[in-house]
Amino acid sequence: MTTMNPALNRIEAKPLDWARTACDALITTFAPTELPPAGRWHYHQGVFLESMLRVWKMTGEEKYLLYPKAYVDALVDEHGNLLFHRDELDSIMAGMLLFPLERQFGEPHYRIAAEKLRQLFRTLNRTSEGGFWHKDKYPYQMWLDGLYMGGVFALLYAERYREPELIDLVLQQWRLMRTHMTDEATGLLYHAWDEARRMPWADPVTGCSPEFWGRSLGWYGMALGDFLDVLPAGHPAREELGAELGRFAQALLPFQDAATGLWYQVVDKGGRTDNWLETSCTSLFLYTLAKAVKHGVAPDPDGFRQAAEKGFAGLSARMAFDADGRFVMPGICIGTSAGDYENYVTRPVSENDLHGVGAFVLACVEMESLRDGRDVAAG
């Protein structure tokens, strides 16, 4: 790889320039239906295409609207039918794409598809307290990832189609995670919680997995920020959510690498030689910090801004370009289940994995907003 691209000056590039560059690289590499895993309704595509729609909202450039539309239209037919896994929260996330498409184009199949995804909340298996299992193959387990995968869609649905009971559902899921998965010593949250204490990784007393995995924490922080974007003004939970976003973002700061501004794969163990700096979680943490400032819940706004700027400088310095001058994002952990330390630090690393690039583009949009005040929210 080369670090040169004639279209992008690293020194002068703004976050939005980076966002465009990343989106354009994948647009020129993949037809919408070819985004990996090809032909699937999947959160990998959902996160990336949601980030692209944020670029469209900020720039008005039509290509960043039509590309996500082409993906959705290839998988959702004129009757609103779509094929998706009906036993997991991950299937819901890409439904976030449906709301802006329905508003922009007024085509009824988007709402019908959203209704199908909404129905999963009625059928997914739950813990004894009502927490959604992350997937059927992970019985009695709640994962941090699931709060973003299902929660933001549910709030957008509640807002768009006037179903306020979904707000209470989302708040219930969040409070269960906060109660069962928060570590009081660090303020971080464990990746997963097993109510049944059956998994080898489950603490016999708490049921929690033993490590703080970066990207799962990133999904949690991003969910909190997006919840505050969507939750109605004056809702009684806004203060509680805002306090948690500020507290959680503050808890991330001691673990930011002083030399690079990035965060580690296992967040609290940066001193171990087999641990490594991970780009997708860093992107999501920058998003979290920027949202905390935006919503006025940062205990130290100037300190949050400085940490975010340091992180963005270090993150953008990691980005590379191939021989054709196309953007390449390195250092992305592939997807992983919950496990022990060895599980996380031995996971393969990929380039341009969609949930990594999507996380980076989302961070870029929020950093641009942090600098100039333009507000671009979910949905």
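This is a predicted model: local features need pLDDT of at least 70, side-chain atom pairs count only at pLDDT 80 or more; totals for chains, interfaces and linings use all residues.

Two or more lining residues come from each of β1 (141-143), α7 and α8 (165-181). The volume of this largest cavity is about 100 Å³. Searching the whole structure with a threshold of 30 Å³ or more gives one cavity.

What classes of residue make up the lining of the largest cavity? There are nine nonpolar and four polar residues, and no charged ones.

**The open space**

As background, empty space is located by rolling a probe the size of a water molecule over the atoms. Next, the largest pocket, with a volume of about 370 Å³. Its lining has 21 residues, and H42, Y43, D90, K135 and G335 are the closest to the centre. Three helices, α2 (43-59), α7 (145-161) and α9, each supply at least two residues of that lining. By class, the pocket lining has eight charged, seven polar and six nonpolar residues.

Two values describe a pair of aromatic rings: the distance of the centres and the angle of the planes. Across the whole structure, the search finds 20 aromatic pairs. One of them is F99 with F153: the ring centres are 5.3 Å apart and the planes stand at 45 degrees, so this pair is classed as tilted. Why does the pair tie together parts that are 54 residues apart in sequence? Because F99 lies in helix α4 (residues 98-105), while F153 lies in helix α7.

**α9 against α10**

Last, a helix contact. Helix α9 (residues 214-230) and helix α10 (residues 238-252) have axes that come within 10 Å and cross at roughly 145 degrees. The crossing of α9 past α10 is left-handed. Which residues meet there? On the α9 side they are L217, Y220, G221, L224, G225, F227 and L228. On the α10 side they are R238, L241, G242, E244, L245 and F248. Sorted by class, this contact has eight nonpolar, three polar and two charged residues.

Note on methods
Residues are numbered from 1 along each chain as its sequence is written. Side-chain values use heavy atoms; hydrogens and water are left out. Axes are lines fitted to C-alpha atoms, for helices over the stretch in contact, and angles run from 0 to 180 degrees between N-to-C directions. Helices (H or I, at least four residues) and strands (E, at least two) are DSSP runs, numbered from the N terminus. A crossing is left-handed if the near helix is turned anticlockwise from the far one by less than a right angle, and right-handed if clockwise. Contact means heavy atoms within 4.5 Å. Ala, Val, Leu, Ile, Met, Phe, Trp, Tyr, Cys and Pro count as nonpolar, Asp, Glu, Lys and Arg as charged, and the others, Gly among them, as polar. On a 1 Å grid over the protein atoms alone, a cavity is a set of points where a 1.4 Å probe fits but cannot get out, and a pocket is an open set with protein on both sides within 12 Å along at least five of seven lines; lining residues have an atom within 4 Å of a point. Grid points are joined across faces, edges and corners, and a volume is the space filled by probe spheres set on the points. Rings of Phe, Tyr and Trp (its six-membered ring) pair if their centres lie within 6.5 Å; planes under 30 degrees apart count as stacked, over 60 as edge-to-face and the rest as tilted.
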